[in-house]
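Subject: Structure handover

Hello,

Here is the structure you asked about. My notes on it follow below.

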Amino acid sequence: MAKRLRKAAPWEESPVSPANCLDDGCLMHIFSFLSPIPDRYNTALVCHRWRYLACHPRLWLRVERPLRNVTEPGVYMNLEAAVSAARPGDTILIGAGSTYLACNIQIKKPLCIIGGGELPDDTVLTCSRGSDNALEFLSTCKIANLTIKAELGCCLLHRSGKLTIQECLLQCEQNPLDYLSFPIVSTAIEYNPLPSLKEQGHGVTVVRTRIEGGAKAIRTNGTLALQRVRAIYARSSVFFWFEVGEK
C-alpha cells in the first residue's frame, strides 16, 4: 500500500537567511567591516551575489595612473596617498600596466597591498637612488603580486609586526654596488626592544618570491635567523620560500 506523502509544516521548510533579505547597499556596508583576507575573501565564496558585493571596487582602495575619474571615491594617483587614507585592515589594489614611485613610505597600520595584474611584472614600484627603502613596515601587513625595484638601499624594510611577501619580484642594484643593496632588511627587535618577541609576533614570511641582485636575500640585525628555507636557483634569479624568526 502506497504511503501518503505528508506536507511539510511551515516551520519545516528551508528557512531564508535573514542576511539575504538585506539590500545590496546594506550588505556592502557590513562587508566593509570585514578584513579583506581572509574574512572578505571567504565571504565571496558563499554565492554569486555575495561575491559581487564583497569584490565591489567601492570596498577596495585603488591606485591608478592616469586617474580616470577624479570624483570616484577610493581611487588615488600614488601609493603614499592611498596608504594615508586607508583604514586598518584595508586592501589597496595597485593598477597594472604602470610604474609607480615608492620612496620611504611608512606603513603603520595593518594593510594588504596587491598588484592588479596577472603577473608581478605588470605592476612595478620603483625606489629612486638616495632613498633608504621603498616600503617600511611597522605593522602586520601583506604584499602580493608586485615588482619592487631599488637602486640602492633596500626594497622592503621590516621594523615590527608580521610581514608576508607573496609571489613578488624584488630587484636590487647589481655589481659593482650590490653590497649596498638588500631586497629585505628586518630590524624588528632592534627597533622595538620589548622583553618577549614571541608575544609581539614579529616576523617575515616569504612565499614564491623571486629575488634578483643585492648582496644577500635578507639582512637581519643578528638576533633573527632564517627558518625553513627553500630555494630554486635559475640563471639570473632565485625563487625563495622562507621565514625569519627569533633564534
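Two strands are said to pair if DSSP finds at least two bridges between them; helices (H or I, at least four residues) and strands (E, at least two) are DSSP runs, numbered from the N terminus. The model is predicted, so local features need pLDDT of at least 70 and side-chain atom pairs count only at pLDDT 80 or more, while totals for chains, interfaces and linings use all residues. Residues are numbered from 1 along each chain as its sequence is written, and side-chain values use heavy atoms, with hydrogens and water left out.

Five strands form an open sheet in the order 5-8-11-14-16, with parallel pairing. Strand 5 (105-107) and strand 16 (218-220) are at the edges with a single partner strand each, so one side of each has no neighbour in the sheet. Within the sheet, strand 8 (residues 133-137) runs parallel to strand 11 (residues 153-158), and four bridges join them. N133 has C154 as its bridge partner in strand 11.

Core. A nonpolar core is a set of buried (under 20% relative accessible area, 1.4 Å probe, protein chains only) Ala, Val, Leu, Ile, Met, Phe, Trp, Tyr and Cys residues joined through side-chain atoms within 4.5 Å. The largest one has 42 residues, and L79, I92, L135 and I148 have the most contacts inside it. Strand 18 (residues 238-246) supplies the largest share of this core, four residues. Another core, of nine residues, lies apart from it and includes L27, M28, L53 and W60.

Regards

How values were computed: Buried < 20%, exposed > 50% of the residue type's maximum accessible area, 1.4 Å probe, protein only.
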